[in-house]
Amino acid sequence: MSTTVLSIDTIVSNPDIRGGQPTVAGRSITVSDLVARYLRGVSLEDLASNFDLTFGQVHAALAYYYMHKQEIDEELHRDLETANRVKTELEKQGKLGRLG
């Protein structure tokens, strides 16, 4: 009996959408967008609801993340470093608005 490999086509990459980052098919939300929120404590239910996704789509994004964890963690780390640099520069320029 031969084995058939079944592909889940929920996560796609298109160079014209979000720079080719892995996204949920038919959407512009990236795997790293979802993972960043999940790692900050947003529940699976809230991810699905907030982005109008099915649980299958959310789980597919997380499965993709865990299969490519090092690469996506590095991307998230780079994004955080960039955000911190921009914040610091804006603070130096007095352009960062104050809350409250």
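Asp73 and Lys69 lie four residues apart in helix H4 (residues 69-92), which means that about one helical turn separates them; helices here are DSSP runs of H or I with at least four residues, strands are DSSP runs of E with at least two, and both are numbered from the N terminus. An α-helix has 3.6 residues a turn, so residues three or four places apart point the same way. The side chains of Asp73 and Lys69 meet in a salt bridge, 2.6 Å from N to O, where a salt bridge is a side-chain nitrogen of Lys or Arg within 4 Å of a carboxyl oxygen of Asp or Glu. Side chains of opposite charge can pair when their charged atoms come close. Asp73 is partly exposed at 25% relative accessibility, and Lys69 is partly exposed as well, with a relative accessible area of 37%; buried means under 20% relative accessible area, exposed over 50%, and partly exposed in between, computed with a 1.4 Å probe on protein chains only.

The model is predicted, and local features need pLDDT of at least 70, side-chain atom pairs count only at pLDDT 80 or more, and totals for chains, interfaces and linings use all residues. Residues are numbered from 1 along each chain as its sequence is written, and side-chain values use heavy atoms, with hydrogens and water left out.

By the salt-bridge rule the count comes to two. The other pair to consider is Asp33 with Arg18, whose closest N and O atoms are 2.9 Å apart. This pair links distant parts of the chain, since Asp33 sits in helix H1 (residues 31-39) and Arg18 in the loop between strand S1 (11-12) and strand S2 (23-24), 15 residues apart. Asp33 is buried, with a relative accessible area of 17%, whereas Arg18 is partly exposed at 38%.

Strand S2 also holds Thr23, which is buried with a relative accessible area of 2%. Leaving aside residues up to four places away in sequence, Thr23 touches Thr10, Ile11, Val12, Ile17, Arg18, Ser28, Ile29, Thr30 and Val31, contact meaning heavy atoms within 4.5 Å.

H1 is followed by Gly41, whose phi is positive, near 105 degrees.

How do H1 and H4 meet, and at what angle do they pack? Their angle is about 80 degrees and their axes are 10 Å apart, the axes being lines fitted to C-alpha atoms, for helices over the stretch in contact, with angles running from 0 to 180 degrees between N-to-C directions. That makes H1 roughly perpendicular to H4, given that angles under 35 degrees count as roughly parallel, over 145 as roughly antiparallel, 65 to 115 as roughly perpendicular and the rest as oblique. The contact is made by Val31, Ser32, Val35, Ala36 and Leu39 of H1 together with Ile72, Glu75 and Leu76 of H4. By class, this contact of H1 with H4 has six nonpolar, one polar and one charged residues, where Ala, Val, Leu, Ile, Met, Phe, Trp, Tyr, Cys and Pro count as nonpolar, Asp, Glu, Lys and Arg as charged, and the others, Gly among them, as polar.

H3 and H4 pack at an angle of about 100 degrees, with their axes 5 Å apart, and H3 is therefore roughly perpendicular to H4. Here Tyr64, Tyr65, Tyr66 and Met67 in H3 meet Lys69, Ile72 and Asp73 in H4, and by class the contact has five nonpolar, no polar and two charged residues.

H4 itself has 24 residues and reaches 34 Å from its first C-alpha to its last, close to the 34 Å expected at 1.5 Å a residue, the expected span being 1.5 Å times one less than the number of residues. Within H4, Ile72, Glu75 and Leu76 are buried, and what covers the buried residues includes H1 and helix H3 (55-67). H4 is followed by Gly94, whose phi is positive, near 70 degrees.
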